[in-house]
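The sequence and the structure are shown first.

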Amino acid sequence: MSSKILLCKTDAVSDGAPLNVNVEGFPSLAVYELDGDYFATDNLCTHGNAMLTDGYQEGEEIECPFHGGAFNIKTGEPTAFPCQVAIKSYPVTVENNEIYLVSA
Ligand code: FES
């Protein structure tokens, strides 16, 4: 059975300004907005000790604040070297202007 975990209000995150969210039982998460849709991934870069929410969102891409690596915010797949290992992405749902992580 799946459950929903509240991440944040929709107005707390906007395109180009992802939000770091900490919820019990998960690593730090990054929540993104793009064209009215919301996405969530792990926040820690797989290349080093950097939080992606300190980086730069450009459309579907989040660029790490460290070595110029990047990931797709929808899939978590690496899109720019030196990042080669995907970050985990999470399904989310929006209800009443609140963003929830859908956990299996
Ligand atoms: S720590 Fe993110 S690209 Fe190196």
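Strands, like helices, are taken here as DSSP runs and numbered from the N terminus; a strand (E) has at least two residues and a helix (H or I) at least four. The model is a predicted one, in which local features need pLDDT of at least 70 and side-chain atom pairs count only at pLDDT 80 or more, while totals for chains, interfaces and linings use all residues. Residue numbers start from 1 along each chain as its sequence is written.

**Strand pairing**

Two strands are said to pair if DSSP finds at least two bridges between them. In general, strands of a sheet pair through backbone hydrogen bonds, either parallel or antiparallel. The antiparallel pairs described here are listed below.

| Strands | Bridges | Example of facing residues |
|---|---|---|
| β3 (residues 29–34) and β4 (residues 37–42) | six | E33 and Y38 |
| β4 and β9 (residues 89–90) | two | A40 and Y90 |
| β10 and β11 | four | T93 and Y100 |

Strands β10 and β11 belong to an open sheet of three strands, in the order β1-β11-β10 and with antiparallel pairing. Its edge strands, β1 (3–9) and β10, each pair on one side only. Neighbouring strands of this sheet are turned against each other by 35° on average, direction ignored; the axes are lines fitted to C-alpha atoms, for helices over the stretch in contact, and angles run from 0 to 180 degrees between N-to-C directions.

**Backbone geometry in the loops**

Most residues other than glycine have a negative phi, and most peptide bonds are trans. D35, which is not a glycine, has a positive phi of about 55°. It lies in the loop between β3 and β4, a hairpin with two residues between the strands. N96, also a residue other than glycine, has a positive phi near 50° and is found in the loop between β10 (92–95) and β11 (98–103).

Burial is judged by the number of other C-beta atoms, placed from the backbone, within 10 Å of a residue's own: 20 or more make it buried, 12 or fewer exposed, and counts in between partly exposed. D35 is exposed because it has 7 other C-beta atoms within 10 Å. N96 is exposed, with 7 other C-beta atoms within 10 Å. G16, in the loop between β1 and β2 (19–21), counts as exposed because it has 12 C-beta neighbours inside 10 Å.

A cis peptide bond, with omega of about 10°, joins F81 and P82. P82 lies in the loop between β8 (78–80) and β9.

**The nonpolar core**

A nonpolar core is a set of buried Ala, Val, Leu, Ile, Met, Phe, Trp, Tyr and Cys residues joined through C-beta atoms within 7 Å. The largest one has 19 residues, and A30 and V31 have the most contacts inside it. At least two residues of this core come from each of β3, β4 and β7 (70–72). Strand β3 gives the largest share, four residues.

Two residues are in contact if their C-beta atoms, placed from the backbone, lie within 7 Å. Leaving aside residues up to four places away in sequence, A30 touches P18, N20, A40, T41, N43, L52, T53 and I62. Among these contacts of A30 is A40, the residue whose bridge partner in β9 is Y90.
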